[in-house]
Amino acid sequence: MITIVTSLFDGRSFNIPHSSGIYDATWADKLYRGLKRNTKFPFELVVLVDKEYKFKEPIRQVPFLHRYKPEAGWSILTETYRPDLTNDWRVTLGLDTIITGNVDDYLDPDKDFAMVSDPMFKGEVCNAITWCSPASAQLIWNIWTTKQDWIKENCRLPPWNTVSEMVLMRKIFNQKGHLPCIDKIFPGIYSYKCHIVNQPELMDKAKIVYFHGDPKPHQLGAYPVDEKVIKHWI
């Protein structure tokens, strides 16, 4: 059984504007149902939470380990790689992800660590989706728990200057620019605002559509292609 890890929290507590006053339990339920409709593999959806939520689907909620200060920013998401969450491989993704097609390929990882091509910066990687082996999770956690001063100094995401778990992943795994990209191994992963809006025909072969910044799924409706996207968010 593959473990899929995401997180649900109010960004107002962590100085994360894009996650402030938006998410609730229904987002996790929709993600679970999207996965269930589009894979033959058994999976467990683990959601890291800042408080207890009432889910309709069989989701395992796990509290964040720490009460973070507001300046923690995106770095709290490093907890998605906590070794205690699973003894097996994991797939991580954002709560604002819509499953639009069969995802069996993405739920059968065979790389110790992999990310996705950054849609905004050529040659860079992002963590819209990641694959992570138990060994890689342990490596991440060891660095996270023992090198906080180095992380605060070297793992900040411009222009917000917030400590970022995505930058940490880049520093650890992509130093030579040769990190495997899941979307190149198995095409079908697209950014809504960088790919789908500009090339709506990509929805015909999209399997995963992820969101970053604005808009979020609940704000769709400005473009004709939005109907093809939002019908999967149920």
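Colleague: What should I know before reading the model?

Modeller: The model is predicted: local features need pLDDT of at least 70, side-chain atom pairs count only at pLDDT 80 or more, and totals for chains, interfaces and linings use all residues. Residues are numbered from 1 along each chain as its sequence is written, and side-chain values use heavy atoms, with hydrogens and water left out.

Colleague: Let us start with strands. How do strands of a sheet pair, and which strands pair with β1?

Modeller: Strands of a sheet pair through backbone hydrogen bonds, either parallel or antiparallel. Here, two strands pair if DSSP finds at least two bridges between them. Strands are DSSP runs of E, at least two residues; helices are runs of H or I, at least four residues; both are numbered from the N terminus. Now β1 (residues 2-8). β1 pairs with β2 (residues 43-49) in the parallel sense over seven bridges. β1 also pairs with β4 (residues 90-93), again parallel, over three bridges.

Colleague: Which residues stand opposite each other there?

Modeller: Thr3 stands opposite Glu44 in β2. Val5 has a bridge partner in β2, Val46. Val5 also has a bridge partner in β4, Thr92. On to β3 (residues 60-63): four bridges join β3 to β2, and the two run parallel. In that pairing, Val47 stands opposite Gln61.

Colleague: Is β1 buried or exposed?

Modeller: Buried means under 20% relative accessible area, exposed over 50%, partly exposed in between (1.4 Å probe, protein chains only). Seven of the seven residues of β1 are buried, so β1 is largely enclosed by the rest of the structure. Ile2, Ile4, Thr6 and Leu8 point one way. Thr3, Val5 and Ser7 point the other way. β2 is mostly covered, with six of its seven residues buried.

Colleague: And the open sheet: what is its strand order?

Modeller: Three strands form it, in the order β5-β11-β10, with mixed pairing. The edge strands are β5 (97-99) and β10 (189-191), each pairing on one side only. Neighbouring strands of this sheet are turned by 20° against each other on average, direction ignored. β10 and β11 (residues 208-210) pair in the parallel sense over three bridges. Ile189 has Ile208 of β11 as its bridge partner.

Colleague: Now helices. How are two packed helices described?

Modeller: By the angle between their axes and the distance between the axes. Axes are lines fitted to C-alpha atoms, for helices over the stretch in contact, and angles run from 0 to 180 degrees between N-to-C directions. Take α2 (residues 134-146) and α4: their axes come within 11 Å and cross at roughly 115°.

Colleague: Which residues make the contact?

Modeller: Contact means heavy atoms within 4.5 Å. From α2 come Ser136, Leu139, Ile140, Ile143 and Trp144. From α4 come Leu168, Met169, Ile172 and Phe173.

Colleague: How many residues of α4 are buried, and what do they pack against?

Modeller: Eight of its nine residues are buried. Among them are Glu165, Met166, Val167 and Arg170. The buried residues of α4 pack against β6, β7, α2, α3 (148-154), β8 (156-157) and β9 (162-163).

Colleague: Last topic, charges. What counts as a salt bridge, and how many are there?

Modeller: Side chains of opposite charge can pair when their charged atoms come close. The cut-off here is a side-chain nitrogen of Lys or Arg within 4 Å of a carboxyl oxygen of Asp or Glu. A search of the whole structure finds eight.

Colleague: Which partners does Arg170 meet?

Modeller: Arg170 meets Asp118 in a salt bridge (2.9 Å, N to O). The pair links distant parts of the chain: Arg170 in α4 (residues 165-173), Asp118 in the loop between β6 (113-117) and β7 (125-132), 52 residues apart. Both are buried. Arg170 also meets Glu124 (3.5 Å, N to O). Glu124 lies in the loop between β6 and β7, so this pair ties together parts that are 46 residues apart in sequence. Arg170 has 15% relative accessibility, whereas Glu124 is partly exposed at 27%.
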